[in-house]
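Welcome! Please take a moment to look over the chain below, and then we can walk through some of its residues together.

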Amino acid sequence: MTDDPFYNKETDTYRVIHEGHPSASAVTNTEGVTVFFNPETHDVLGFSIANFSKYYDDHVTEDGEFEVVLPARVPANLEEEMDFDEETIKNNVRIAEIY
């Protein structure tokens with residue numbers, strides 16, 4: 001995990017942003033996965049996992065990988081669950097492509 005460019009050891013956070021948006025919204029599920037999405041289209045822009053060490057332990061595969069299940073779009077009724085301010089959205093965002 002320490003060599004993974006999306007993992008921040010100091011904050012124990014794993015964060016992948018596919019596409020930025022000036023007014024992105026976010027929702028967090030019960031496992032601590034925060035999904036960032038476009039508030040107009042509800043398309044997923046990326047995700048973040050706080051307390052990643054625990055998440056990894058709970059989701060590690062036999063190959064040492066971990067799994068994250070993300071929706072392609074966030075349902076409209078979840079839009080107002082959690083919003084981030086502009087400063088939070090722009091700080092420490094890493095643009096990445098998932099293969």
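A polar contact is a pair of N or O atoms within 3.5 Å; within protein, one must be able to donate a hydrogen and the other to accept it, and residues adjacent in sequence count only if both atoms are side-chain atoms. This is a predicted model, in which local features need pLDDT of at least 70 and side-chain atom pairs count only at pLDDT 80 or more, while totals for chains, interfaces and linings use all residues. Residues are numbered from 1 along each chain as its sequence is written, and side-chain values use heavy atoms, with hydrogens and water left out.

Let us begin with Thr-13, which sits in strand β2; strands (E, at least two residues) and helices (H or I, at least four) are DSSP runs, numbered from the N terminus. A polar atom of the Thr-13 side chain lies 3.1 Å from the backbone oxygen of Thr-11. Thr-13 counts as buried because its relative accessibility is 18%; buried means under 20% relative accessible area, exposed over 50%, and partly exposed in between (1.4 Å probe, protein chains only). Leaving aside neighbours within four places in sequence, Thr-13 is in contact (heavy atoms within 4.5 Å) with residues including Phe-6, Ile-49 and Phe-52.

Ile-49 and Phe-52 bring us to the largest nonpolar core, where they are among the residues with the most contacts inside it. A nonpolar core is a set of buried Ala, Val, Leu, Ile, Met, Phe, Trp, Tyr and Cys residues joined through side-chain atoms within 4.5 Å. This core has 15 residues, and β2 (13-17), β4 (33-37), β5 (44-49) and α1 (52-59) each give two or more of them. Apart from it lies another core, of five residues, among them Ala-24 and Phe-36.

Now to helix α1, which holds His-59 as well as Asp-58 and Lys-54, four residues apart, about one turn of the helix. The structure holds one salt bridge, a term for a side-chain nitrogen of Lys or Arg within 4 Å of a carboxyl oxygen of Asp or Glu. Here are two side-chain pairs from this part of the tour:

| Pair | Kind | Distance |
|---|---|---|
| Asp-58 and Lys-54 | salt bridge | 2.8 Å, N to O |
| His-59 and Glu-31 | polar contact | 3.0 Å |

Is Pro-22 buried or exposed? Pro-22 counts as exposed, because its relative accessibility is 57%. Pro-22 lies in the loop between β2 and β3 (25-28).
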